[in-house]
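Please walk me through this model, starting with its charged side chains and going on to its helix packing.

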Amino acid sequence: MPTLEQRTIKKVSWRLLPLIIVIYFVAYIDRTNVGFAALTMNKDLGLSAYVFGWGAGIFFLGYFLFEVPSNVILEKVGARVWIARIMITWGIVSGAMAFVQGPVSFIVIRFLLGVAEAGFFPGMILYFILGLAGWQWMFIVEAIPAVLLAFVVLAMMTDRPALATWLAPEEREWLETRLQDERRRIESAGHLSLARALMDRRVLALSAIYLTIVTATYGITFFLPQIVKGIGLSNVMTGLVTAIPYTIGTIGMLLWGASSDRRDERRWHFCVACLLAAVGLGGAGLFGSSFLALAFMSVATIGLYGSKPAFWPMPSTFLTGTAAAGGIALVNSIGNLGGYVGPFIVGWIKDATGSFDAGLYFLAACALLSGIIAYIAVQPPERTSAPSGLAAAAR
């Protein structure tokens, strides 16, 4: 017969994890679909690679400026209402991308999307309907799930275990006790206030680590469809082929995360993932627009995606409460500035050299630097069998 712990974690997992996965998937589409739209949008709007990279990346500047206050508000008012608010506003702003007219409106709306979020496969809709280009329909169609999912969030998420009526009373009591014990264990090593957390050297080190790996990640994300198109494929085939590295990267992320959890080890998993990303990006730059470069890109995505599940358990080993909300938000917001830096520099290099190769070498260096910083700055945390990720999801 399942124990109380097993029953509770199972219920939390089945109720929240599928919803969180879908939400993150929609958010990721919101951030990155502009890379697919660029196949025809850049010509329609007269955007150079430099301007496109600037506009694609400025999303993360808005994200950076509003991430910390947004997360502090979330910790105060609860995840249920605040995440729903985020999803409604990002869905509306994302849909407004369909109506940009040139470089200025493109940059402004991308910035506002970052502010709003701080999250259709496009190849099949690259044609004209009702006077709108395919890239315009893409923004309108993909905005709908974000708004609709906000109401699912309101219905299914709870702010803390005591409000989780879908758990039995003894399961709610067990989960609340487990979370309190976890907070006490972390705070026994020294409580960090929000102000101290924002200046803590470990938080700043994690911010630098995340900044460099995100620079590598989004530097390739927004330009991958254009790089693949350089092989000589049609727009539809470009969309299909571009999905290959993402699919391989997703599978690699799941396996990498499972390995990290099974061994309860983060530092080496993160460093090796960064090395793999650097090799993949460097190889893609070496072989230019070719199917061999696409294979190296698939290697890169395994490393880039695999680094995430090894990285994010690190902040929770010494942050709790408001300090956790602010500290983790700082790490995330500074790190996501890499989403501005990467596309900006890759676009600038592309216009300056006429090729993506040097830009890929730059991204490879960023991935390698992230692993080096992690190796130097991150100490192996205390091992624990506590299912903190699932427990945190129920807060």
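**A salt bridge and a helix pair**

The side chains of arginine 266 and aspartate 261 form a salt bridge, at 2.8 Å from N to O; the term requires a side-chain nitrogen of Lys or Arg within 4 Å of a carboxyl oxygen of Asp or Glu. The model is predicted, so local features need pLDDT of at least 70 and side-chain atom pairs count only at pLDDT 80 or more, while totals for chains, interfaces and linings use all residues. Residues are numbered from 1 along each chain as its sequence is written, and side-chain values use heavy atoms, with hydrogens and water left out.

One salt bridge is found in a search of the whole structure. Arginine 266 is buried, at 13% relative accessible area, whereas aspartate 261 is exposed, at 53% (buried means under 20%, exposed over 50%, partly exposed in between, with a 1.4 Å probe and protein chains only). Side chains of opposite charge can pair when their charged atoms come close.

Helix 10 (residues 235-263) packs with helix 11 (residues 267-287) at an angle of about 155°, the axes being 11 Å apart. Helices here are DSSP runs (H or I, at least four residues), numbered from the N terminus. Axes are lines fitted to C-alpha atoms over the stretch in contact, and angles run from 0 to 180 degrees between N-to-C directions. The two helices, helix 10 and helix 11, are therefore roughly antiparallel, a label for angles over 145 degrees.

Trp256, Ser259, Ser260 and Arg263 of helix 10 meet His269, Val272, Ala273 and Leu276 of helix 11, where contact means heavy atoms within 4.5 Å.

Definitions and conventions: Parallel < 35°, antiparallel > 145°, perpendicular 65-115°, else oblique.
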